[in-house]
Amino acid sequence: MTINIGHIKYANCTPIFTALASHFDCTGYRFVDGVPARLNAMLRAGEIDLSPSSSIEYAMAHEQYCLLPELSISAIGAVKSVFLFSRVPVEELDGAAIGLTAESDTSVNLLKVLLDRKFGFHNSFERTTLPLAQALERYPGLLLIGDAALKGAASGSGFFCYDLGALWHEFTGLPFVFALWIVRREAAREKRAELAALAHDLVAAKKLAYASYAEIAAQCEERAWLSEEALVDYWQTISYELTDAHLEGARLFFRHAFEMGLIPSLPELRFFE
């Protein structure tokens with residue numbers, strides 16, 4: 001059976017997908033490209049079987065999903081690709097309307113949690129597709145993720161720039177899990193053997209990627225706009241693990257989100273076995 005895999009074409013996913021394609025038989029896989037918000041919708045609709053998708057998507061529809069163990073896209077401190085850009089210091093954003101990327105679900109809700117729980121602010125939020133400079137003409141603050149955030153931070157724009165991974169770690173002392181490898185339970189039943197093989201290969205690909213950052217950076221598309229050294233530094237910042245501390249961080253985020261009415265219930269973390 002073909003396994004339909006969501007493929008986020010952000011730099012943070014490049015190492016594992018590159019290692020998977022380079023070292024393992026992928027003839028039974030169909031990779032579907034998209035930004036996190038789009039892949040979340042496809043996952044829930046059954047258009048793909050699994051994806052490294054927004055952790056908040058698992059919380060929103062956890063009855064439909066299970067998780068691959070040992071895999072995430074997380075930060076233990078700064079993540080370097082999820083930023084709140086602002087015309088003013090963050091302390092002056094209470095009551096402001098904040099622009100939000102249209103590409104994210106988890107980071108949007110993380111920002112809402114941080115502004116409410118860490119800073120005690122009351123804000124309004126609007127989705128926007130405007131680029132950084134234009135968006136900050138309309139809004140005092142703008143959330144960007146992924147490659148757009150990396151490029152914005154590297155541009156020397158002069159705006160204030162706050163790393164949401166660092167803010168979460170300051171607030172909680174825990175990792176923040178931006179994405180989990182989410183599997184539809186229907187696929188877990190119907191394609192069990194194939195998914196078990198993929199889960200094994202992905203953990204092995206993760207380990208191979210750790211040892212191959214320099215080689216991957218020398219060949220990847222991202223080197224057209226970010227130096228090989230910067231890419232390696234970025235990947236070394238990200239945590240692709242899913243330890244007990246990561247799970248504690250995810251549960252705390254879900255609890256805040258539930259208490260704020262951002263998710264309908266507290267999810268149980270269930271794993272594909």
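**View 1. The surroundings of His-7.** Leaving aside residues up to four places away in sequence, His-7 touches Phe-17, Phe-31, Val-32, Asp-33, Gly-34 and Leu-39, where contact means heavy atoms within 4.5 Å. This is a predicted model, in which local features need pLDDT of at least 70 and side-chain atom pairs count only at pLDDT 80 or more, while totals for chains, interfaces and linings use all residues. Residues are numbered from 1 along each chain as its sequence is written, and side-chain values use heavy atoms, with hydrogens and water left out. His-7 belongs to strand β1 (residues 3–8); strands (E, at least two residues) and helices (H or I, at least four) are DSSP runs numbered from the N terminus. With a relative accessible area of 16%, His-7 is buried (buried is under 20%, exposed over 50%, partly exposed in between; 1.4 Å probe, protein chains only).

**View 2. Tyr-213 and its aromatic partners.** Rings of Phe, Tyr and Trp (its six-membered ring) pair if their centres lie within 6.5 Å; planes under 30 degrees apart are stacked, over 60 edge-to-face and the rest tilted. By this rule the count is 15 aromatic pairs. One of them joins Tyr-210 to Tyr-213 edge-to-face, at 6.3 Å centre to centre and 80° between the planes. Tyr-213 also pairs with Trp-235, this time tilted, at 5.7 Å and 45°. Tyr-213 lies in helix α10 (residues 213–219) and Trp-235 in helix α11 (residues 228–237), so this pair ties together parts that are 22 residues apart in sequence. Tyr-210 is partly exposed at 34% relative accessibility, whereas Tyr-213 is buried at 7%; Trp-235 is buried too.

**View 3. An aromatic cluster and two charges over rings.** Trp-168, Phe-171, Phe-176, Phe-178, Phe-253 and Phe-254 make up one aromatic cluster. Elsewhere, the charged end of Lys-112 sits over the ring of Phe-125, 5.4 Å from its centre. Lys-151 does likewise with Trp-225, its charged end 4.7 Å from the ring centre. The rule here is that NZ of Lys or CZ of Arg is within 6 Å of the ring centre and within 35 degrees of the ring normal.

**View 4. Helix α1 against helix α9.** Helix α1 (residues 14–23) packs on helix α9 (residues 192–210) at an angle of about 110°, with the axes 8 Å apart. Axes are lines fitted to C-alpha atoms, for helices over the stretch in contact, and angles run from 0 to 180 degrees between N-to-C directions. That makes α1 roughly perpendicular to α9 (65 to 115 degrees; under 35 is roughly parallel, over 145 roughly antiparallel, the rest oblique). Residues of α1 that meet α9 include Pro-15, Ile-16 and Leu-20; on the α9 side, Leu-198, Leu-202 and Ala-205 are among them.
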